[in-house]
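Let's look together at how two chains meet. Have the structure open as you read on.

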Amino acid sequence: MGYHPKIVAPSQLQAPINFFKPKALTIDDIEKTISDYVQCALLAQKAGYDGVEVMGSEGYLINQFIAKRTNIREDEYGGSYENRIKFPIAIVRQMRQAVGDHFIIIFRLSMLDLVEDGSSWGRSHCIGESNQATGATMINTGIGWHESRVPTIATVVPRRAFSWVTKRLKKEVNIPLIAVNRINTPEIAEEILSDGCADMVSMARPFLADADIVIKTMKNRSNEINTCIACNQACLDHTFQLKISSCLVNPRACHETEILYLPAATKKKLAVVGAGPAGLSFAHIAAMRGHQVTLYEASDRIGGQFNMAKIIPGKEEYGQTIRYYEKMMEKYQVNVCLGQYVDVDILVKGDFDEIILANGVNPRKWDIPGADHAKVIYYTDLLEKKVIAGQKVAIIGSGGIGFDVATFLTHHNGSDTDIASFMETWGVDMEYNHRGGLKLAQPELPERQVYLLKRSTGKHGNTLGKTTGWIHKANLVKKGVTMLSDVEYIKVDDQGLSINVAGSPMLLDVDHIVVCAGQESSRSLYEALLSKGLSPKLIGGAFEAAELDAKSAIHQACTLAAEV
Amino acid sequence: MYKHLLNPLDLGWTTLKNRVLMGSMHTNLEEIPGGFEKLAQFYRERAQGQVGLIITGGISPNEEGCTSAMAAKLNTEEEIPNHKLITEAVHNEGGKICMQILHTGRYGVSSEDCSAIAITSAHQFF
């Protein structure tokens, strides 16, 4: 390693999400840092950039100067608000002097800190005005610090949930403002602008999902946009694990030089079995490249497991991916055969060049005494609405599906897209009467009493996404879900579910037991085809069912479709 | 139908072609060998898609402000050619791009500890 930087901050206060305590900057250090910002902008100008964005939000250095929470200095850069904003104001002023008038300077302003001892509204507006006066071209919005415990960008956050914050500043300053967070369609973006919330909208992750959002909008083809579902699974979760970012619904993102969808040299006749995310991804890329594709689906609709995901409160966006695939099937003329259960004969008679099996998974059978009792249902029964659960429910298995089912069972309406109720649930003060925009959270009472059970010891939720798992867990805690670990399942009878918890017997007098205990790949068709001397290719859950994993299913499907 | 969104934004001395900003995202390509070539293609395709203005992932103004010991910074002339790959790719498509300057302060790390590095670099996705 070339160097070992020492972390620095306004004051020697350790961040709750960091292992290290920073060194407090001296006055000389501060002046040096200001000139480093200016120098950096000059170098960026020299490199040909049209401007810079000065990151002043999310709890980074500039934000640390502005907020009392992190600035307990007693010199000219601490104490009063006027002193605490000296650092960013000096940066923008000196930067503007250095770069001249024809260079964009965007100041990213934390308009809603969502942490204790964050800024109050009057302060955000003052620094907005100061920036205007000192030479910023535009002000971008920052919502929340990394250490705040309110979700700000995950799927569970309703669309345009925070545009009201930017609108508030719009009344106070005259330079263009940019609205952010959970803006993922041109329709929502247009609505924000026509409501007078901002002059521009920022979309980040949506440009991983689809590079052509704007051009498709210009050509009135917005229904062809591959919409960001805000899952974070391949973008933020990757960054967190020091992997290259990508996108669950678009594996080419950040891999543009490696995954290429070029016109096929030889046009082939392809059969795809199963219209879940893997089959659909493969079919549309292969057809786009010029292959002739027939897609067989046993049920009466495309979408596979995403049809279940989209009815989980806070996962409504998954329906957008199905809409995208529907449009792509039409656009690239995939021959979609719904309600078609495929056997070996159909595939043999079809005389296909290649057969791709994406026929997914079957829920793993639960094997304990009483597993055939009427109380026992599978998650598919519940999410396909074949069964409506009673008031007391036990969930077997605490992976991603177990968490989704618990969320589904404890919500009232089965939908969670209302902004005001989101803010109540997570304690965000839309009146902005309190510092940081926080108030006491008031979640809705749960719809049912739910037990979430797992055999292993340790905390629930450890297998969930790195950047969203805490949200799902906090959500269930708010809904009063009882989470039990180290559970041994004994039997089911009319009394309910008998278990041992860490060796102690317990009876849960539940109305239903929902089994989410994993799934197995559907392989019978694959084996039948092999025995006929054919060589089908497996993708998605049919290939690997260990974890239902849309990210790897879609990635596998797209890379195969790029090569076929 | 999208008359606000597709309306150009006049900044006085220059004009953005529409009201859509591609927000800052750190991709981790910033730190790998050959990463700027890949970033150039990533941003080129977004510029071809007609986005009004692009913001890069966060680049530190000095060593102290880096998300990690090896994270991208811009404080020497030697680092300019890498960035030119990006700006030329975007400008060739008629796009505009700004570089985000990010100093992490107390969110940075001072050792090789990877989990802590990731916590701080993970949040450029707004």
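How many salt bridges are counted between chain B and chain A? The count is 5, and this comes from a predicted model. One pair to look up is B:R106 with A:E147, a salt bridge whose closest N and O atoms lie 2.8 Å apart. Polar contacts join in as well: 39 residue pairs are found across the interface of chain B and chain A, with both residues at pLDDT 80 or more.

By residue class, the side of chain B that touches chain A holds 41 nonpolar, 32 polar and 14 charged residues.

Now for the overall extent. Chain B brings 87 residues to the contact and chain A brings 101 residues. The size of an interface is often given as the accessible area lost when the parts come together. Here, about 8,300 Å² is buried between chain B and chain A, and carbon and sulfur atoms give 67% of that area.

Strands also meet across the two chains. Strand 5 of chain B pairs with strand 3 of chain A (residues 51-56) in the parallel sense, over 4 bridges. Within strand 5 of chain B, B:I101 stands opposite A:V54.

Definitions and conventions. Residues are numbered from 1 along each chain as its sequence is written. Chains are lettered from A and ligands numbered from 1 in the order in which they are written. This is a predicted model: local features need pLDDT of at least 70, side-chain atom pairs count only at pLDDT 80 or more; totals for chains, interfaces and linings use all residues. Side-chain values use heavy atoms; hydrogens and water are left out. Contact means heavy atoms within 4.5 Å. Buried area is the accessible area (1.4 Å probe) that two parts lose on being put together, summed over both. A salt bridge is a side-chain nitrogen of Lys or Arg within 4 Å of a carboxyl oxygen of Asp or Glu. A polar contact is a pair of N or O atoms within 3.5 Å; within protein, one must be able to donate a hydrogen and the other to accept it, and residues adjacent in sequence count only if both atoms are side-chain atoms. Ala, Val, Leu, Ile, Met, Phe, Trp, Tyr, Cys and Pro count as nonpolar, Asp, Glu, Lys and Arg as charged, and the others, Gly among them, as polar. Two strands pair if DSSP finds at least two bridges between them.
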